Amino acid sequence: MLIDEAVIQKRLDVLAEKILEDFQGKPLVVVALLKGALLFMADLLRRIPVPMEIECISVASYHGGTETSGKVEFLDRTLPDVDGRNVLLLDDILDTGGTLHAVIDKLNEHGAKEIKTCVLLTKDIPRERIREADYTGFVIGDEFVVGYGLDYQGRYRNLPYVGILKDSAI
Ligand code: XMP
């Protein structure tokens with residue numbers, strides 16, 4: 001166990017408060033990346049009582065293992081309409097930054113007015129692209145983690161906490 005359920009939930013209160021302040025009075029479209037951001041999205045957004053549209057897009061970069069392939073694939077045929085809109089982009093974890101970088105590029109191509117990024121976890125590693133998200137839940141070490149939306153080969157997403165995957169489980 002790395003971050004327990006109660007600690008995650010408490011941190012979400014703080015993140016939600018900041019987001020609420022920043023987006024007060026701005027019509028908001030939330031874009032969450034599936035499937036990793038599912039639990040984070042559900043718990044965070046119910047704490048942000050402003051009008052919003054919730055959209056999800058599917059991207060893949062891991063293909064089931066513990067090393068990113070470095071290539072970000074968009075799995076949807078169409079993207080949500082973000083033209084001229086304020087976007088809050090949610091992901092589970094900022095690792096190499098490749099995913100957020102690719103999605104931000106895509107949303108910009110589609111005319112997004114402002115994009116703020118929000119991640120539950122940020123790995124404490126050097127990154128060239130996307131040094132940090134606008135809102136970060138927790139900074140963690142360079143470990144492969146699972147739980148609270150994060151998976152290994154499709155498993156462990158439903159754990160209510162974040163844990164480090166033991167070598168013996170790989
Ligand atoms: P990048 O490297 O593009 O990574 O910032 C972001 C995406 O890669 C996945 N990822 C992980 N998934 N445990 C996981 O279960 C991890 O430790 C991990 N690190 C990266 C995740 O899908 C994220 O969206």
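## Around the ligand

Three elements, β4 (86-94), α3 (98-109) and β7 (145-146), each supply at least two residues of the shell around the ligand. The model is a predicted one. Of the three, start with β4: this strand gives the most to the shell, with four residues.

In total, 19 residues surround the ligand. The closest are D95, T96, G98, T99 and L150. By type, the shell divides into eight nonpolar, seven polar and four charged residues.

## The sheet

Six strands form an open sheet. Their order is β3-β2-β1-β4-β5-β6, and the pairing is mixed. The edges belong to β3 (73-74) and β6 (135-140). Each has a single partner strand, so one side of each is left without a neighbour in the sheet.

Helix α3 packs on this sheet. It touches β1, β2 (52-60), β3, β4 and β5 (114-123). The direction of α3 makes about 165 degrees with that of β4.

Now take β1 (residues 28-34) and β4. These strands run parallel, and five bridges join them.

## The nonpolar core

The largest nonpolar core has 34 residues. Those with the most contacts inside it are F40, L88, L89 and L90. Seven elements, namely α1, β1, α2, β4, α3, β5 and β7, each supply at least two residues of this core. Strand β4 gives the most, with six residues.

Which residues does L90 touch, leaving aside those up to four places away in sequence? They are V30, A32, L33, A37, F40, M41 and C118.

## Helix α2

Helix α2 covers residues 38-45. Its buried residues are L39, F40, M41 and L44. What covers them includes α1 (5-23), β1, β4 and β5.

Is D43 buried or partly exposed? D43 counts as partly exposed, because it has 17 C-beta neighbours inside 10 Å, while a buried residue needs 20 or more.

Not counting residues up to four places away in sequence, D43 touches Q9 and L12. D43 and L12 are 31 residues apart along the chain. Their C-alpha atoms are separated by 7.6 Å.

Note on methods. Residues numbered from 1 in each chain as written. Predicted model: local features only at pLDDT ≥ 70, side-chain atom pairs only at ≥ 80, totals over all residues. Near = placed C-beta within 6 Å. Nonpolar A, V, L, I, M, F, W, Y, C, P; charged D, E, K, R; others polar. Pairing = 2+ DSSP bridges. Contact = placed C-beta atoms within 7 Å. Axes fitted to C-alpha atoms, helices over the stretch in contact; angles between N-to-C directions. Buried ≥ 20, exposed ≤ 12 C-beta atoms within 10 Å, placed from the backbone. Core = buried A, V, L, I, M, F, W, Y, C linked by C-beta atoms within 7 Å.
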